[in-house]
Amino acid sequence: MSGFRILLGDDHELVLEGLRSLVEAEPDMRVIATATNGRQVIDAVRRDPPDVVVMDLEMGEMNGLRCLEVIKRESPGVRVLVLTAYGDGESMRAALEGGADGFALKTEPPQQTVASIRQVCRGQLVFPLAARKWLLRSESPGDATTPSARETEILALVSEGLTNAQIAHRLRVSDNTVKFHLQNLYLKLGVRNRTEATAWYLREGRARRA
Amino acid sequence: MSAPAAPTREISASHRMMQVTEWELQRILLDIHDGPVQHMFAALSQLDLLRRALVSAECLSPEAEDRVARIRQLLEGGLNEVRSFIGAFRPPEFEARGLVALVENLLLQHEAMTDTQVALEVRGPVPDLAVPVKIGLYRVLQEALSNAYRHGGADRVAVRLRGAAGREGPRLRMTVSDNGDGFDPARMAEGRHFGLQGMRDRVEMIGGRFRLRSAPGAGALIAVEVPSAAPAEEE
């Protein structure tokens, strides 16, 4: 069976049940496991890593932020969508800085959650616009079509074959900062992925930078 | 989710009251979080599933479709009303965070909810503040941001924090200015505007000074100055 493989973690059984059925009804996704506390989430990820973990921040045994930390350390390829009822700045910032791939609210319609899960499956970062600005606020965004100095710097590292985590380490920023920069870059350059971005850089960016 | 710890620090009566209020607020929010929010979210999921089942069995009449849409609207409306409340009033970790981090997180939250921008300027070392002082400043800032957005229609707000020396120890100055519609403070005083009065009361409870400057068409400026420590217990 194909499709994106999803793990759901929430200590509210009603939410799990509803969300599971909704995800299962989508042709391109399936739920491979559910968990009702943080410890179970970690065990399930270790046993059979999904494409995306969707989990609440408030769970028993081990809270969502601690889970996020363990998942990102042990299984960096697994994406995480935080699903919470609280839209407060502290939760959002903790999710951003903890390397979550998205932040969805239970106070939005569940279909919105399903749409966010799909976006995260496809490698997009799903955060409110303000969060993105917040993470990049000290850096000049450049204009709508030309990469900023920071973006060009990241592009150069991408074209050297560095991963996001390696770039983040090199530039001393969070993984998500690098991801946001790359998303902005893709939009500006009209490319879809790293390969196309590298091709653009080798063709035009290097000359501009020189 | 674990229950919030009861406040234990004993300072003045007004400080204790402020902490107890926050503690009670957190308990109420927890109940809303664990109850209605989860139920409404789950109910919406079930409603979507019901609709799908009826559609695939080809027995969703136009009338039933309308009813499903109406139920969805009602549930989404309920969630929407809860959203701003539990997002806005969830108490952050006042004990563990410094004022600057608390303010930064509040601004991020406000920006995400309102899609407006707030500039933050921090000058000089910000002194360590007693927890009730942090609570007071946080809630005053929250009210000021909310007023600027809801009543003033401001799209630009600036928050400044500045540490200052005082005769009885370090003090903290906070100003919040906006480019909104502004208002006549004298007329507000006549109408006893609860938000403004609440801000003033909170600042007085933590032994600080509250000033407000505004005029129709000229935005609003709120300036607060508070001591970093709690005032002595009133006898």
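**Group meeting: helices, loops and charge pairs**

Let me start with one residue. B:Glu58 counts as exposed, because its relative accessibility is 75% and exposed means over 50%. Please keep in mind that this is a predicted model.

Where does B:Glu58 sit? B:Glu58 is in the loop between helix 1 and helix 2 of chain B. Its backbone deserves a look too. Phi of B:Glu58 is near 55 degrees. That is a positive value, and the residue is not a glycine.

Chain B has another case to show you. B:Asp115 has a phi near 60 degrees, again positive in a residue other than glycine. Look for B:Asp115 in the loop between helix 3 (99–114) and strand 1 (117–123) of chain B. Is B:Asp115 buried or exposed? B:Asp115 is exposed, because its relative accessible area is 54% and the cut-off is over 50%.

Now back to helix 1 and helix 2 of chain B. A salt bridge joins B:Glu65 to B:Arg51, and their closest N and O atoms are 2.8 Å apart. B:Glu65 belongs to helix 2 (residues 62–89) and B:Arg51 to helix 1 (residues 13–56), so this pair ties together parts 14 residues apart in sequence. B:Glu65 is partly exposed, at 28% relative accessible area. B:Arg51 is partly exposed as well, at 27%.

Next, the strands of chain B. B:Arg209 and B:Glu225 meet through their side chains in a salt bridge, at 3.6 Å from N to O. B:Arg209 is in strand 4 (residues 209–214) and B:Glu225 in strand 5 (residues 220–227), so the pair ties together parts 16 residues apart in sequence. B:Glu225 is buried, at 12%.

Stay with strand 5 for a moment. B:Ser228 lies in the segment after strand 5 of chain B. B:Ser228 is buried, because its relative accessible area is 9% and buried means under 20%. What does B:Ser228 touch, leaving aside its neighbours within four places in sequence? Its contacts include B:Pro127, B:Asp128, B:Leu129 and B:Ala130. B:Val133, B:Pro170 and B:Arg171 are also among them.

On to chain A. Two packed helices are described by the angle between their axes and the distance between the axes. Take helix 7 (residues 149–159) and helix 8 (residues 164–171) of chain A. Their axes come within 10 Å and cross at roughly 130 degrees. That angle makes helix 7 of chain A oblique to helix 8 of chain A. The crossing is right-handed. Who makes the contact? From helix 7 of chain A, we have A:Arg150, A:Glu153, A:Ile154, A:Leu157 and A:Val158. From helix 8 of chain A come A:Ile167, A:Arg170 and A:Leu171. These residues divide into 5 nonpolar, 3 charged and no polar.

A:Glu151 and A:Lys188 meet in a salt bridge, 2.8 Å from N to O. The pair links distant parts of the chain, 37 residues apart: A:Glu151 in helix 7 and A:Lys188 in helix 9 (residues 175–189) of chain A. Both partners, A:Glu151 and A:Lys188, are buried.

Notes
Residues are numbered from 1 along each chain as its sequence is written. Chains are lettered from A and ligands numbered from 1 in the order in which they are written. This is a predicted model: local features need pLDDT of at least 70, side-chain atom pairs count only at pLDDT 80 or more; totals for chains, interfaces and linings use all residues. Side-chain values use heavy atoms; hydrogens and water are left out. Axes are lines fitted to C-alpha atoms, for helices over the stretch in contact, and angles run from 0 to 180 degrees between N-to-C directions. Helices (H or I, at least four residues) and strands (E, at least two) are DSSP runs, numbered from the N terminus. Angles under 35 degrees count as roughly parallel, over 145 as roughly antiparallel, 65 to 115 as roughly perpendicular and the rest as oblique. A crossing is left-handed if the near helix is turned anticlockwise from the far one by less than a right angle, and right-handed if clockwise. Contact means heavy atoms within 4.5 Å. Ala, Val, Leu, Ile, Met, Phe, Trp, Tyr, Cys and Pro count as nonpolar, Asp, Glu, Lys and Arg as charged, and the others, Gly among them, as polar. A salt bridge is a side-chain nitrogen of Lys or Arg within 4 Å of a carboxyl oxygen of Asp or Glu. Buried means under 20% relative accessible area, exposed over 50%, partly exposed in between (1.4 Å probe, protein chains only).
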